[in-house]
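Hi there,

Here is the structure I promised to pass on. Have a look at it first, and my notes follow below.

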Amino acid sequence: MIYLDANATTPLLPEVLEAMMPWLTGGFHNPNASYRGAKAARQAIDTAREQVAALIGAQPDEIVFTSGGTESTNTALKWLARLVGRKSGRAITSAIEHSAVLKPCETFEEVGYRLDRIGVNSLGRLDLDALRAACASAKDGGGFASIMWANNETGVIQPLAEACAIAKEHGLAFHTDAIQAVGKIPVDVRETPVDFLSLSAHKFHGPKGVGALYVRSGCRFEPLLRGGGQESGRRSGTENTAGIVGFGKAAELAKQLLDSGDQSIRTMRDAFEAKLLETITGCEINGDPDHRLPGTSHVSFERCEAAGLLILLDDMGIACSAGSACMTGKQQPSHVQKAMGFNDAKAKSSLRLGFSRLNTLEEAMQAAEAVLKAVEKLRRVQGSGVGPVTVYTP
Ligand SMILES: Cc1ncc(COP(=O)(O)O)c(C=O)c1O
């Protein structure tokens with residue numbers, strides 16, 4: 001199988017598994033206890049905190065470990081909503097956020113906050129003028145903004161530094177969902193002074209079920225989960241030592257690759273897209289070509305439904321997605337595609353492929369070949385007047 005769904009999740013790197021193993025076996029002790037085994041676990045968590053902090057240019061004590069990206073975003077947003085209060089409260093986000101941001105924001109709207117969903121252009125980039133207008137009309141800093149760093153469906157990288165500066169100019173606290181960006185492109189909280197940033201290990205070859213919230217030193221913060229007071233009182237619950245150690249190792253390896261300037265993921269993705277454009281008529285690459293994650297390809301094919309393509313590709317041993325993982329199997333345009341102004345036909349004919357460091361150029365070429373075959377086959381079937389979904393759904 002050729003796995004090309006790295007935006008959904010990534011496999012563990014062998015080094016990550018190796019780093020985790022001792023903590024899944026003999027090193028099981030509770031890191032909060034006082035004997036030697038426990039102290040070793042505590043030390044391993046501290047090392048991981050340094051590794052994760054280094055990946056985003058943070059201080060180790062600005063990192064709060066969580067159970068993953070969703071917990072991180074919920075923790076930040078629920079705190080910010082409490083901080084600004086519902087009376088004059090204003091939540092400003094974008095129309096293309098992941099549901100881990102949109103859903104909590106909708107609950108604020110239900111209880112009286114004003115929620116702004118800032119739009120994007122047809123290439124998927126945030127409308128900064130609309131953001132500026134929304135921030136300017138939030139009275140006396142009575143609001144917060146949350147804008148994603150890179151989109152999970154299209155891979156489009158947002159103008160984060162500008163968005164953060166606009167929120168700050170108007171006295172608004174700023175959170176970013178950087179879950180798709182961290183580990184794939186340089187993310188540095190010294191250069192982009194966000195207050196809160198969410199990240200997740202499994203998007204860059206760490207384990208699932210572990211993530212972190214970056215909380216800028218000096219920012220007021222109260223936890224979502226209260227209990228035993230772990231993570232310096234900022235997130236209670238016995239630490240997932242093995243998961244955190246794997247997260248740290250994955251962060252270290254991601255930083256090494258980024259620092260080396262290696263371009264092989266981008267090369268694979270570009271070669272894949274070049275082959276599609278050369279061989280398939282009515283094929284279009286979506287998203288801002290100058291601001292995309294190096295491993296993401298979001299592509300649509302005229303007269304070809306993604307639902308049928310996915311089944312054919314799966315049969316040929318290619319694992320990828322339609323639009324986003326959450327939308328797979330559903331015959332509806334995603335909110336991201338709608339925000340970019342896709343018509344229904346284009347939205348339904350889009351695939352998302354995610355390349356990672358574990359793919360090869362050869363796999364990218366085989367995948368392009370498979371996509372060509374699948375598109376040709378589906379167009380033949382559709383040309384015959386038989387609906388592809390009816391034909392291929394098992
Ligand atoms: C942009 C974005 N935000 C949030 C999440 C949720 O992260 P997790 O799966 O770690 O809870 C994801 C994962 O798909 C994502 O892509």
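**What I found**

Helix H9 is followed by Gly 317, whose phi is positive, near 85°. Helices here (H or I, at least four residues) and strands (E, at least two) are DSSP runs numbered from the N terminus. H9 itself covers residues 306-315, and its buried residues are Ala 306, Gly 308, Leu 309, Leu 310, Leu 312 and Leu 313. Buried means under 20% relative accessible area, exposed over 50%, and partly exposed in between (1.4 Å probe, protein chains only).

Please keep in mind that this is a predicted model: local features need pLDDT of at least 70, side-chain atom pairs count only at pLDDT 80 or more, and totals for chains, interfaces and linings use all residues. Residues are numbered from 1 along each chain as its sequence is written, and side-chain values use heavy atoms, with hydrogens and water left out.

Now to the ligand. There are 13 residues around the ligand, and Thr 70, Asp 177, Gln 180, Ser 200 and Lys 203 come nearest; a residue counts as near if one of its heavy atoms lies within 4 Å. This shell divides into three nonpolar, eight polar and two charged residues. (Ala, Val, Leu, Ile, Met, Phe, Trp, Tyr, Cys and Pro count as nonpolar, Asp, Glu, Lys and Arg as charged, and the others, Gly among them, as polar.) A polar side-chain atom of Gln 180 lies 2.7 Å from an oxygen atom of the ligand, and for His 202 the distance from such an atom to a ligand oxygen is 3.0 Å. The protein covers 84% of the 400 Å² of accessible area that the ligand has on its own (Shrake-Rupley method, 1.4 Å probe; for residues, only the protein chains shown count as cover).

Next, the salt bridges, defined as a side-chain nitrogen of Lys or Arg within 4 Å of a carboxyl oxygen of Asp or Glu. By this rule the count comes to 20. In one of them, Arg 82 pairs with Glu 222, with the closest N and O atoms 2.8 Å apart. That pair links distant parts of the chain, 140 residues apart: Arg 82 is in helix H3 (residues 69-84), while Glu 222 is in the loop between strand E8 (211-215) and helix H7 (241-260). Glu 222 counts as partly exposed because its relative accessibility is 29%. Elsewhere, Arg 269, Asp 270, Glu 273 and Arg 292 are linked in a network of salt bridges.

Best wishes

Conventions. Polar contact = N/O pair within 3.5 Å; in protein donor to acceptor, adjacent residues only side chain to side chain.
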